Each structure stands twice: as C-alpha cells, then as structure tokens.
Amino acid sequence: MSEYAKARELGEQAREREWARPSFAKQLFLGDLRLDLVHPVPALPDEDAERGEEFVRRLRRFLETHVDPAQIERTALVPDEVVKGLAGLGAFGITIGEDYGGLGLPYLYYCRALMLVGSYSPALATLLSAHQSIGVPQPLKQFGTEEQKREFLPRCARGEISAFLLTEPDVGSDPARLSTTAVRDGDDYVIDGVKLWTTNGVIADLLVVMARTGEKISAFVVEGDSPGITVKRRNTFMGLRGIENGVTEFSQVRVPARNLIGREGQGLKIALTTLNTGRLSLPATCAGSAKWAVKIAREWGNARVQWGRKIGEHEAVATKIAFIAASAYALEAVCELTARMADDRRNDIRIEAALAKLYASELSYRVLDELVQLRGGRGFETAESLAARGERGVPAEQMLRDSRINRIFEGSSEIMRLLITREAVDAHLTAAGELINPEAGPKERAQALRRASRFYARWLPSLVTGAGQLPTAFAGFGPLAAHLRFVERTSRKLARATFYGMSRWQGKLEHKQSFLGRIVDIGAETFAMTAVCVKAEEDARDLGRRPYELADTFCRQARLRVDALFDRLWDNSDGHDTRLAGYVLDGRYTFLEEGVLDPSIDGPWIGTPEGGESVRRKIL
C-alpha cells in the first residue's frame, strides 16, 4: 500500500462515519435547505444566560483594570498575575461542568468571552482557547472515564494550564507519519518523541499527547513536569508574541496506563471529535477582531479629512468600511449560530464548526487587511510608535499579524476544505461506493451501479425546483427573503455541480482539490448568508431595521463572491497551474531565481534543536 493510501485509510478510520443527528450544512451541500434546523435559533435557559452575562461582565472589568495588551505585545509575555487573575475568575473552566469545579457555561458564552478577549489581546485569547478547546478539558469531557474527569478536570478549572501535542517536525496534517511512540510496560506506557508548536507547552501543567501505539495512534494525559520531558525552546512568531509555544521532547517518559484517553487506537478519532466543538474558539476570536475593526474604521473614517471631506465619505474608502462592518456582523452571526447549535445538541455540527473556522479565519484576515489599508501609513506603524509621537496607538498592524495564524491553526484552510469536502460528499461516496474504486471487480461495480442508480433516481429530481423559485418563499424574513431564496437555489445548484464533478472525475475527484475548494467556499458563503439572515431577523425585534441593513449588504457582497466561485468551477487555469508547478519543482525555471540573494539562515529544512536546558517554566 502506498504512503498516500495508508494516510487516507488512517483518516477514514478516524472519521465519525455515522450521522445519528441531522446536519444543516450536510443537507445544504446536498441541495436541501433545512432552515428548520437553524430557525428559530435554539434559546438558552434564562439561568444559563444570566450566569453567562454576569461572567462576561466580570471578565470585561478584569481586562480593563488588570491587563495591558501593549505590555504583552512589547514583552512577548503574559504576566503571571494576569494568568492567576483569570484563573480566579474561572476563565480556565468556562465550559467545565460545575460538578468538576468549572463554571459550566454554555458554548455561546465561552465564545462571547473569547470574542471579548480576542478583541483586546489575541495572545491571551489563544492561551485560554488552547487550554479549553484542544487541551485536556475537551477530550476528557467527551472520552474520559469518570476517574479521569475527577482527577484532572478540577485542576484544569482551577487554572492548571493544558496543551495539545500532535504536530511533529515532520508531521503536520498527515498523522500517518507520526513517529512519537508509546510502548506498554507493565502498568505504564513509555513515551519517546518530539512535538513541535506546542501552544501553552512551555507553561503547561497537563498535556494531551498523541503517540503511536503499534500501528495506530492513541491519546494520553501526561503531567507536564514528568521526568524525561524537556521543553527544548520557546518559539517566536510574526504575531501572537505572548503565546508560550515550544518544542517538547519526550525521552523514556513513563505515563500510567490509566491516563490513556479512550481505547488504544482512538487517538485521531478523539482529536477530530474534540475539534467539532473545539474549533468554535477561532471563529469567536476572529469575530472579536472584526468587530474591533468596525470601531476603528468608523472613528478614523470620521476623524481623517482629505480633499475637504472625511475619508469615510470617499467611495474608495466607504466600500472598505461597508465590507468591514457587514463582514463583522456576519462573522458574529456564524459564530453565535454554531455555538448555539453546539449547546442545543440536536444537530451534528462537525461540518458547521469546520465551515465556521474556515470562513471566519479567511474573512477576518481580509477585514483586518482592509483596516490597515484604510489607516494608510498609520496602519503599518506600530501602536507604540504612534503613541510615542503623540497619536492614538491603534494596533492595526499587530491585529493583522496576530490573525494570520488563524488560517493555519487547527487545520490550515487547505486542509479544512478537504475535510469538509469529505463530509459533504459522504452521501455520494456511500451511494457510488465501489463504482468509483479503480480496484473494484466487475461484480462489486455492478452492485454499486444498482445502488447508485437507486440513490440518484430519487435525489436528482429534487434538485430541479424548490422554494427559492417561489416569490413568496421565506416572507417572514422581510427584506432578507430574497437572499434566502438565493441560498436555496444556490444549494441545489451546488449539489448539481458536485454531482457533475463526481460523474466527470469519479475516483479522481479527491485529487481535484481546487474544484473541491471552490465547492466548499460556496457552501461556506451560503452558510454565512443563512446565519446572518437568522441573526438579523432575531436582532430586529430589539434593534429595528439596523440589523437588516447590515445583513442585506453582507448578502449582496456574498452573492457576488458565490457567482464568481461558480464561474471558476469550470472556467479556470487549474490544469495549467498544476503543470507549471511541476516544472517549477523540477527546476525548469531556476533562471527566475537569478539576480537575488536569499537571507535565510542556513540549516536543514526540517530539524529539531540539540542540547540545552529545558525552558519550561511554572506560573508562580
């Protein structure tokens, strides 16, 4: 079996294969707009909402009085007293149940808290989210034994920091190459290996470690101060300068067998399932930075005057302000809808959470890039430099740098599109089965053909017409009804396009990554349009027409993006691009590299630090 086949098989084994609950996004990709799954939006019990609002108020007061985001950026360090203060508020146990010492708040308020923190100090938001979304609390809540929960969750809720260790120097999104091992030895496992980019790893008290147990991957809770663990270095990045991210080495680290999470071989499934809700943290911080950008764009658009007019009144700038404001409203809508669906638990949100992460990370970066452009030279200047020469220290360039990692964190945008595609086309793969398997025999292919014929005989006719073609459909949404009719029509068109792609390329479809990426991006836009219409309809009860205005503008912008994506499904340069890239890799165009110098520091492309003392530190 090839390395690619092995990696693919490992990923398939880790997937949740059953759909026990309905999924709005899954049906959207199949041409079925199930608006009833997201509207009306599930409401929280009054008591939970009151507790959530009170926590967010206390968190805001703490941030305003005890946190200096400029100091964190300047020193590249979150002060110990800030960490301890957050722990005292319960900020490290927002979603941990009260039975285990946490606040037990809904995901909606976890996201609102991260939205608030992310607008003020993205590094601080990363500290909190890495601990709760992918660190020890989330996998233990879903897969841990009662004994494990009793032992570790109260510690996490008190503020003992956790980290998630999967990535290795030669392993990113391809876990089949994982080399860290965990070998059973009596009542213990012995772990050896090196982990890279361990966010919170420099200060973590508890670690979730993914290691190979034989041919499969397993997950363990490991004490951060275990003998044999060395934090080789603290990494530095273009943004998020305050994060405690390191390289962690394991040398004969003994871990009690009772610390195995789930069963042997469940590690990847645990990681993927954890991220179904764990990914909600990134849309929250993205929405927070975008909402902050609206404030800065409004104030600067009024304060700066050029050619006798406020710059916000010039059309070239006004279109940027409109894009920033409409996008911020949509990002908040996507974040809140997905969080409320997670709280409601009636829907399978694996696709929705992935779409929210992908869409929010891409759109918020564009928002912040436009803010920097809108600010001109001041957008490129650091906040401290602006303040030093007597102006307001707006950290626009820092926010842009800090947000760049969101398109890579917890699955790069490219990987997210592939993961979403796999789930979105699951019905097709189930129907077609061996029909698109080049290794299937005549008998298997004949059986698959009969099965596929039955599925498509029922499904294809449903894509011909729908509510989107009725002028009165979705009338309850007032001025936004036309946009929901567009979403319904687009959903069916998207499903037809997916079917055409499946028919054209069959088993080779999984390698048509640009085509599939556009399919996902269309789905993401329509998901966002639905979320923003639902939010505006709800917000309008208290805010009048203003939410409709934001939602309408966002939907108009999104529709243009959708139309462009459809055009590029079939009219593109993908084949030429792929061929040219092959030539580049083969060295055909090395003459292009002449006349320049490479400022890179010499060293291997992939390596690990050698020697040195451990840089792990304890929050005091």
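Student: Is strand 3 mostly covered or mostly open?
Tutor: Mostly covered: strand 3, residues 188–199, has 10 of its 12 residues buried. Buried means under 20% relative accessible area, exposed means over 50%, and partly exposed is in between, with a 1.4 Å probe and protein chains only. Helices (H or I, at least four residues) and strands (E, at least two) are DSSP runs, numbered from the N terminus.

Student: What kind of model is this, and how are residues numbered?
Tutor: This is a predicted model, where local features need pLDDT of at least 70, side-chain atom pairs count only at pLDDT 80 or more, and totals for chains, interfaces and linings use all residues. Residues are numbered from 1 along each chain as its sequence is written, and side-chain values use heavy atoms, with hydrogens and water left out.

Student: Back to strand 3. Which way does strand 2 pair with strand 3?
Tutor: Antiparallel, over 5 bridges, with strand 2 covering residues 181–185. Two strands count as paired if DSSP finds at least two bridges between them. Thr-181 sits opposite Asp-192 in strand 3. The two strands make a hairpin with 2 residues between them, and Gly-186 in that turn has a positive phi of about 65°.

Student: And how many bridges join strand 3 to strand 7?
Tutor: 9 bridges, again with the strands antiparallel; strand 7 is residues 245–256. There, Asp-188 faces Pro-256 in strand 7.

Student: OK, switching to helix 5. Which of its residues are buried?
Tutor: Asp-80, Val-82, Val-83, Leu-86, Ala-87 and Leu-89. Their cover includes helix 3 (46–66), helix 7 (122–134) and helix 9 (146–158). Just past helix 5, Gly-90 has a positive phi of about 90°.

Student: Which salt bridge does Lys-618 make?
Tutor: Its side chain meets that of Asp-205, at 2.5 Å from N to O. Lys-618 lies in the segment after helix 23 and Asp-205 in the loop between strand 3 and strand 4 (206–213), so the pair ties together parts 413 residues apart in sequence. Lys-618 is partly exposed at 44% relative accessibility, whereas Asp-205 is buried at 9%. A salt bridge here is a side-chain nitrogen of Lys or Arg within 4 Å of a carboxyl oxygen of Asp or Glu.

Student: How many salt bridges does the structure hold?
Tutor: 45. One of them joins Asp-48 and Arg-51, with the closest N and O atoms 3.5 Å apart. Both lie in helix 3, 3 residues apart, about one turn of the helix.

Student: What about the nonpolar side: which residues have the most contacts inside the largest core?
Tutor: Leu-86 and Phe-554, in a core of 147 residues. A nonpolar core is a set of buried Ala, Val, Leu, Ile, Met, Phe, Trp, Tyr and Cys residues joined through side-chain atoms within 4.5 Å. A second, separate core has 25 residues, including Leu-140, Ala-219, Ile-261 and Leu-268.

Student: Last one: what does Ser-289 touch?
Tutor: Ser-119, Ser-364 and Leu-368, not counting residues up to four places away in sequence. Ser-289 is in helix 11, residues 281–303, and is buried at 6% relative accessibility. Ser-289 and Val-367 are 78 residues apart in sequence and 8.9 Å apart in space, C-alpha to C-alpha.

Terms used. Contact means heavy atoms within 4.5 Å.
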